[in-house]
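This briefing goes through one chain of the structure below, from its fold to its contacts with a neighbouring chain. The topics are grouped so that each can be checked against the coordinates.

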Amino acid sequence: MEQEANNSGKKVDVFFEMFEEALRQENQRLKIIYEKQLEGIKEELIKANANIPEVVAPVVDKKVEEFKVEFDGQSGKMVTTAIKKQIKESQPDIIDALYPIMGKLITKFLQIELEKLSEGINKQIENTFSVESMKRQVFSIFGIKQDAQILKNANKPNVEEAYVIEQDSGMLLAEYTHNDSVDNDMVAGMITAIKSFVKDAFYQDGELDMIEYGTFKIILYNARKYYLVAALKGVVDSTYKYRVLDYLKVFDENYLSKIENQGNQLDNKAASDALTAHFDAFENFNTSTNTFNTLNTKLNKIDETIKQKSHFNWKFWRW
Amino acid sequence: MKQLSKKVILIGNFGVGKTSLTNAFVHKRFSEDYLTTLGVKIDKKTIEILAQNDDEEDTQLTLLIWDIAGEVAQEKVNKAYYLGSHGIIYVFDVTRPSTFEKMKEDLAYVATILPKAQVIVVGNKVDLIDVNTLDADLKYDFLSSAKTGENVEKMFLELSKKIIQEPA
């Protein structure tokens, strides 16, 4: 509690500093404007009233100088105090308003950074297996593997939702879901609308295969008259993305294509059951594009080999 | 109870009150920021339709309502938004003749894309005029007001019944 209070206090102080700086700049700007206006008025008065006693000019000069000096000190302080008071009084409201936004931004930033790091490590692992660098890197391979494992487990990607959507109408035909708070019917419609919009707006033959929404990554697979969709959460690198795309393709081949070839209509309930069973078994799915798992297996084999080598006869080696 | 999901589109000229009618029917406001960007806003409402005869079953119908922005003119709206619709609500503004001058052409165009869809024509903003002043030749199914709620539920219910009776 005390820690939270301190943090809140620090945040408010930062706001005060920002407001003070903004006010100082605004005061400076106004000061210049008023100075020019006053100088202009003074000149006009002198020109228009040649009969005004010369004593008036020094008085005006003096007032201008006083105004210059007092403007920052008086008006600035008064406004700053008033705003400080207002902010202090509405501090809980400001914190309530800012925290969700900041939280989302930080989550999104961390996710992107972790994805970049994950991609980098995957590439590094791939490079590790080149013939040239194998000898050089064989002893450092444990470190790389551990990093990759920790990273993968820290924010492991998973499939939150999967849908079968009718392409023409955007109607949801089948679903696999872990999240009741999402209105899947409307999500299905919006995905179809976005896909149509992108195609229409960019006049391209290509396919939109991923939409990012908040911390979700929505993977789309075009299965003739259906869209197969998977909504993913966690750190989704390209390896995982292609693994999911491959898995959607497998569902198309094993289920949708068969129904189409038999000339049957898709039964929504049966399709949802099939989709659920399919994605329940996703963890066991491995493909040639699943580089991480493939390389992980290789790493484990090398790990075992190195352990066996540790029993090597070092006396013989020295000799 | 039989459960069905159907797609309904609201079309008509700019400013005739399509979005207001949808909001009045759905009673739930979703973000409309994307309406201007994508040119479509999707809402959903589930209604129950009681069977007319003993040998029929009551129906729980989920309406996916696509509120399509802008003109009906062929080149201005993404045709994909119309596809797969089971029902069409064509809305015009009773206070602006320009919004129903092209009604025949618009409906003929939509019929080429959706020949089997059920259609109802609605004159909106009826609260702003004296109904007796309306042109006697003007053809419509309902006069509605999103502001007062007049005929809003009724027109959606009527369309739903038509969809169930004669599925597209």
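Predicted model: local features only at pLDDT ≥ 70, side-chain atom pairs only at ≥ 80, totals over all residues.

Of the 168 residues in chain B, 39% are buried. Among the contacts within chain B that join residues at least 6 apart in sequence, 67% link residues at least 24 apart.

**The sheet**

- The six strands of chain B form an open sheet in the order 2-3-1-4-5-6, with mixed pairing; strand 2 and strand 6 (142-143) of chain B are the edge strands, each of which pairs on one side only.
- Strand 4 (residues 87-93) and strand 5 (residues 118-124) of chain B run parallel and are joined by seven bridges, and within this part of the sheet B:Phe92 stands opposite B:Gly123 of strand 5 of chain B.

**Helix 1 of chain B**

- Helix 1 (residues 18-26) of chain B packs on the sheet, where it touches strand 1, strand 2, strand 3, strand 4 and strand 5 of chain B, and its direction makes about 40° with that of strand 2 of chain B.
- Within helix 1 of chain B, the residues B:Lys18, B:Leu21, B:Thr22 and B:Phe25 are buried; seen down the axis of this helix, its buried residues fall within an arc of 100°, and they therefore line one face of the helix.
- The partners against which the buried residues of helix 1 of chain B pack are strand 1, strand 2, strand 3, strand 4 and strand 5, together with helix 4 (152-165) of chain B.
- Just after helix 1 of chain B, the backbone at B:His27 takes a positive phi of about 60°.

**Contacts with chain A**

- Between the two chains, 14 residues of chain B are in contact with 15 residues of chain A.
- On the side of chain B that touches chain A, strand 1 (2-11), strand 2 (40-49) and strand 3 (59-68) of chain B each supply at least two residues, and the largest share, three residues, comes from strand 2 of chain B.
- By residue class, that side of chain B divides into seven nonpolar, five polar and two charged residues.
- From the other chain, helix 6 (residues 184-202) of chain A lies across strand 1, strand 2 and strand 3 of chain B, and it runs at about 145° to strand 2 of chain B.

Technical notes: Residues numbered from 1 in each chain as written. Chains lettered and ligands numbered in written order. Contact = placed C-beta atoms within 7 Å. Helix = DSSP H or I, 4+ residues; strand = E, 2+ residues; numbered from the N terminus. Nonpolar A, V, L, I, M, F, W, Y, C, P; charged D, E, K, R; others polar. Pairing = 2+ DSSP bridges. Axes fitted to C-alpha atoms, helices over the stretch in contact; angles between N-to-C directions. Buried ≥ 20, exposed ≤ 12 C-beta atoms within 10 Å, placed from the backbone. Arc of directions from axis to C-beta.
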